[in-house]
Amino acid sequence: MTSSVVSRPEFTGGEPGRASRLLERRHGTTSLRVGAASIWLSLIVLLPLAAILWQSAGGGWQAFWFAVTSNAAVASFKVTLTVSFGVTAVNLVFGLLVAWVLTRDDFVGKRLVDSVIDLPFALPTIVASLVMLALYGPASPVGLHLQHTKWGIGVALLFVTLPFVVRSVQPVLLELDREIEEAAASLGANNWVIFTRVMLPALLPSLLSGAGLAFSRAIGEFGSVVLIGGAVPGETEVSSQWIRTLIENDDRTGAAAISIVLLAISFVVLLILRAIGSRAARRDAMEQ
């Protein structure tokens, strides 16, 4: 019987050099992409970070330590971190709620709401501060005077950081298999058990990723809090505003030192949350 299978030279050795050439070409293309990405990352991220690190060390370790431990710096750190952690916690809850509504519920104006979520990304942050001042300033139409208070800073930061959690969780919610939820319900699990035991483990990595991004944005935010916060020393002056004050006083070394501390805090928080999220994702994959 004559076989009807036609041999392909590139796999049977008819052209032994062709596969090698293809592999070499693919490897060369990959190396080119990696090199271009590394150069771009170095120019846009690593080089500026190196520059600010070099500037912060310009006065030596003693000057750096004095800049980051001064009373004004410590007070600004306390305000920044306290409000940022609170804003992140609120965003975890309500960001998940908004993402859930947008993916699981149908209602009139859903597309409009979905578009509004991205508005803080496009809106200049100083405009957000003007809006907050008009809404919660001395002439507040809703009767809430939050100017020069931490609550005012918190509301402004909630506005600019909400999209991070929503947009991180939303794609995961869309991909979740509803048959698993239905199977759990058929076995007698109530809604709370289904959410905490079935859905939350799958959502946790994206939740933590969105929370990390929201926190990082909050500790470095300036424009949205500049008017509503008022930069009252020890009360509402966040670190970014203290950095501006140092620059205006021609203390660039001190401003760079404060910036390095904020960068370090942001990096550590992101690293920890990513590690927890990755571990949770691996555990969930093993259980499945």
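**Figure 1. Lining of the largest pocket in the predicted model.** Val93, Leu96, Leu97, Trp100, Glu181, Glu182, Ala185, Asn191, Trp192, Ile194, Phe195 and Met199 line the largest pocket of this structure, which is a predicted model. The volume of this pocket is about 270 Å³. At least two lining residues come from each of α4, α9 (178-186) and α10. Helix α10 makes the greatest contribution to the pocket lining, namely five residues. By class, the lining of the largest pocket comprises nine nonpolar, one polar and two charged residues.

**Figure 2. Packing of helix α4 against helix α10.** Helix α4 spans residues 71-104 and helix α10 spans residues 191-219; their axes approach within 9 Å and cross at roughly 135°. The two helices are therefore oblique to each other. The crossing of α4 past α10 is right-handed. On the α4 side, the contact involves Thr80, Leu81, Ser84, Phe85, Thr88, Asn91, Leu92, Leu96, Trp100 and Arg104. Their counterparts in α10 are Phe195, Met199, Leu203, Leu207, Ala211, Ala214, Phe215, Ala218 and Ile219. Sorted by class, the residues in the contact of α4 with α10 are 14 nonpolar, four polar and one charged. Leu96 and Trp100 of α4 take part in this contact and also belong to the lining of the largest pocket. Phe195 and Met199 of α10 likewise occur in the contact with α4 and in the pocket lining.

**Figure 3. Packing of helix α8 against helix α10.** The axes of α8 and α10 lie 8 Å apart, and the packing angle is about 155°. Because angles over 145 degrees count as roughly antiparallel, α8 is described as roughly antiparallel to α10. These two helices cross with right-handed geometry. The contact of α8 with α10 contains 15 nonpolar, five polar and one charged residues.

**Figure 4. Lining of the largest cavity.** One cavity of 30 Å³ or more is found in a search of the whole structure. The largest cavity has a volume of about 40 Å³, and its lining consists of Val79, Thr80, Val83, Ser84, Ile153, Leu157, Ala218, Glu221, Val225 and Val238. Helices α4 and α8 (150-175) each provide at least two of the lining residues. The greatest share of the cavity lining comes from α4, with four residues. Seven nonpolar, two polar and one charged residues make up the lining of the largest cavity.

Technical notes:
Residues numbered from 1 in each chain as written. Predicted model: local features only at pLDDT ≥ 70, side-chain atom pairs only at ≥ 80, totals over all residues. Heavy atoms only, no water. Axes fitted to C-alpha atoms, helices over the stretch in contact; angles between N-to-C directions. Parallel < 35°, antiparallel > 145°, perpendicular 65-115°, else oblique. Left-handed = near helix turned anticlockwise from the far one by under 90°. Contact = heavy atoms within 4.5 Å. Nonpolar A, V, L, I, M, F, W, Y, C, P; charged D, E, K, R; others polar. 1 Å grid on protein atoms, 1.4 Å probe; cavity = no way out; pocket = protein on both sides within 12 Å on 5 of 7 lines; lining within 4 Å. Points joined across faces, edges and corners; volume = space filled by probe spheres on them.
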